Amino acid sequence: MNFTLRIWRQTDANTDGDLETYKVQDIEPTCSFLEMMDILNERLTERNVEPVAFDSDCREGICGMCSMVINGKPHGPKDGTTTCQLYMRHFEDGDEITIEPWRSAAFPVTRDLIVDRSAFDRIMQAGGYVTVHSGPKPEPNAIPIEPSIAEEALDAACCIGCGACVAACPNGAAMLYTSAKVSHLGLLPQGQPERFERVQKMVHQMEAEGFGSCRNYAECEAACPKEISIKFIGRMNRDFLKSTLILPNNPRGKMDSQ
Amino acid sequence: MSRLGNLYQSVIGKKAIVAVTGSIMIGFLLLHGWGNLKVFSGATAAGVPEVDVYADFLRTMGVPILPYGSALWIIRIVVLVSLILHVICVVQLARHNRKARPVHYKHARNFEEATLPARAMIYTGSIVVLFLGFHLAQFTVGGVGSAPFVQGDVYGNLYGAFQHPVYVALYVGVMAVIGIHLYHGAWSLFQTLGWDNPDRNKSLRMLSVALGVGIFLAFSAIPISFFSGEMNKPSLQHADTSSRSNK
Ligand code: HEM
Ligand code: FES
């Protein structure tokens, strides 16, 4: 198969970039999208052209590194699929394919298709943990969890932190990511002690990173390779509003009669 | 108060303010629409149109506990404050979002989930604000629009204004815009406040459709009926005996 690629090239965060056009010929339909990019890079190297910088790691859809906006859609045209799991047979021979980096103020482009996603790490560091004591380990099944709750928590835990939700959101919001991380811990009994502190800290970090505000478009859900539901955004909103407005600040304070 | 301050500081909280003020305005629209439909209720035995009686009731409600007209002013202030807060929060969030996504994709975007009404909220909302100014000038303060304005003669004022196709088209058009705003907004507020979930989602979205269509139909029935000649001419006699005596 033959393709015309329009790829975003940018040398570093401080330089302007632009789309460059490349032709790739004789690509097998069984070739994955990233393999096609590898072939392109080999051929560019042979011609002494700087290869296209892009992120990838596991190439099996679990690490979330492969961040590419393909024809305007994060991870390309196939639903529920990461870029690394996309194959050239999903395209037509002769297609023109535009490849751009994630776009968000909080994800600066560092080179070509690579963006800096450490904003996500800082959101996690702010509250995406549970307290584990350092004594002898309890029996893992000692805490009963209702199966449907465990499954729901796993639906949220499917998030691989790739950032496609942010890349897809016209408002640059990171609500799907943050809500998935808030919910997968907040749903489980082990996550209850920090539940409301967690939602406060993670939401505040999300805002401090400069992510946008949700307008309930659900474009994030459509782009998510793990098809995580916007129901988690609603759940996070509720926990956030409850802890902001209702939960006592000082439950052990003194009261007087009158 | 610090809690409300914290709410206002956060983007989720600000959006919640949009949702709550939006709900207050939806409540107002429902009451306003219900009141307006009294134009179809005919007149009292004395020949005073029911809608004029209703307009007078709006001013006398709460009397004698509250001074004449004050209950109506309380409602006006609540709605006005809601509108102001709604617009301030929405504008701040829109600016925040523009900063969060400064660079656009080169490739054209195909929206998969975001509906046109959802993306047009700021435009449909702005049309409503502009219209509101005109609407109050025409039917509350009076003086705008070509028909003679008589304070308290609601039926007559409506009748006069809606003989003009321009006003009929304007009102019907803007009611469609409000309906479109609510098509997204009424569902969106449940999601914003965290009250939507997969069990309720379909019902809540249907409720929003019903609300948008219902508000459009209820409000546009009035200008259309006056224009089509469906409604009786306001009688000269009731213009003298109507309950607008206090004004
Ligand atoms: C009769 C007047 C209005 C009513 C009943 C109303 C109602 C609503 C409701 C219920 C929402 C959803 C809140 C949420 O998702 O959290 C909303 C959102 C919104 N409204 Fe209004 N609104 C009115 C006027 C306006 C005006 C005057 C503007 C003008 C700028 C406006 C702009 C918006 C915007 C931009 C949103 C946010 C939508 C989003 O984020 O998806 N609205 N409105
Ligand atoms: S490279 Fe790991 S998910 Fe694609």
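Q: What counts as a donor to a metal, and which protein atoms are the donors of the iron atom of ligand 1 in this predicted model?
A: Donors are N, O and S atoms within 2.8 Å of the metal. This is a predicted model. Two protein atoms lie 2.1 Å from the iron atom of ligand 1, which is inside that limit. They are NE2 of His86(B) and NE2 of His181(B).

Q: What is the arrangement of the 6 donor atoms around the iron atom of ligand 1?
A: Six donors count as octahedral if opposite donors are over 155 degrees apart and all others between 65 and 115. Around this iron atom the angles run from 85 to 179 degrees. The arrangement is therefore octahedral.

Q: How many residues apart in sequence are the parts tied together by His86(B) and His181(B)?
A: His86(B) belongs to helix H4 (residues 70–100) of chain B. His181(B) belongs to helix H8 (residues 165–192) of chain B. The pair therefore ties together parts whose separation in sequence is 95 residues.

Q: Is His86(B) buried or exposed, and what about His181(B)?
A: Buried means under 20% relative accessible area. His86(B) has a relative accessible area of 14%, and His181(B) has a relative accessibility of 16%. On that cut-off His86(B) is buried, and His181(B) is also buried.

Q: Are the rings of Phe120(A) and Phe211(A) stacked or tilted?
A: Over all chains, the whole structure holds 17 aromatic pairs. In the pair Phe120(A) and Phe211(A), the ring centres are 5.9 Å apart and the planes meet at 40 degrees. Planes under 30 degrees apart would count as stacked and over 60 as edge-to-face.

Q: Where in chain A does Phe211(A) lie?
A: Phe120(A) and Phe211(A) are both buried. They link distant parts of the chain, being 91 residues apart. Phe120(A) is in helix H2 (residues 118–127) of chain A, while Phe211(A) is in the loop between helix H6 (195–208) and helix H7 (219–223).

Q: Over which ring does the charged end of Arg119(B) sit?
A: In chain A, Arg89(A) lies over the face of Tyr87(A), 4.6 Å from the ring centre. In chain B, the charged end of Arg119(B) is 3.9 Å from the centre of a ring. That ring belongs to Phe111(B).

Q: Where is the proline of the cis peptide bond between Val63(B) and Pro64(B)?
A: The peptide bond joining Val63(B) and Pro64(B) is cis, with omega at about 10 degrees. Its proline, Pro64(B), is in chain B, in the loop between helix H3 (50–60) and H4.

Q: Is Asp26(A) buried or exposed?
A: Asp26(A) is not a glycine, yet its phi is positive, near 55 degrees. Its place is the loop between strand E2 (18–24) and helix H1 (33–46) of chain A. With a relative accessibility of 65%, and exposed meaning over 50%, Asp26(A) is exposed.

Q: Is Cys31(A) buried or exposed?
A: Cys31(A) is in the loop between E2 and H1 of chain A. Its C-alpha atom is separated by 9.9 Å from that of Met1(A), 30 residues away along the chain. The relative accessibility of Cys31(A) is 7%, so Cys31(A) counts as buried.

Key
Residues are numbered from 1 along each chain as its sequence is written. Chains are lettered from A and ligands numbered from 1 in the order in which they are written. This is a predicted model: local features need pLDDT of at least 70, side-chain atom pairs count only at pLDDT 80 or more; totals for chains, interfaces and linings use all residues. Side-chain values use heavy atoms; hydrogens and water are left out. Donors are N, O and S atoms within 2.8 Å of the metal (3.2 Å for Na, K and Ca); water is not among the atoms, so sites may look incomplete. Four donors count as tetrahedral if all angles lie between 85 and 135 degrees; four count as square planar and six as octahedral if opposite donors are over 155 degrees apart and all others between 65 and 115; anything else is irregular. Helices (H or I, at least four residues) and strands (E, at least two) are DSSP runs, numbered from the N terminus. Buried means under 20% relative accessible area, exposed over 50%, partly exposed in between (1.4 Å probe, protein chains only). Rings of Phe, Tyr and Trp (its six-membered ring) pair if their centres lie within 6.5 Å; planes under 30 degrees apart count as stacked, over 60 as edge-to-face and the rest as tilted. A charge sits over a ring if NZ of Lys or CZ of Arg is within 6 Å of the ring centre and within 35 degrees of the ring normal.
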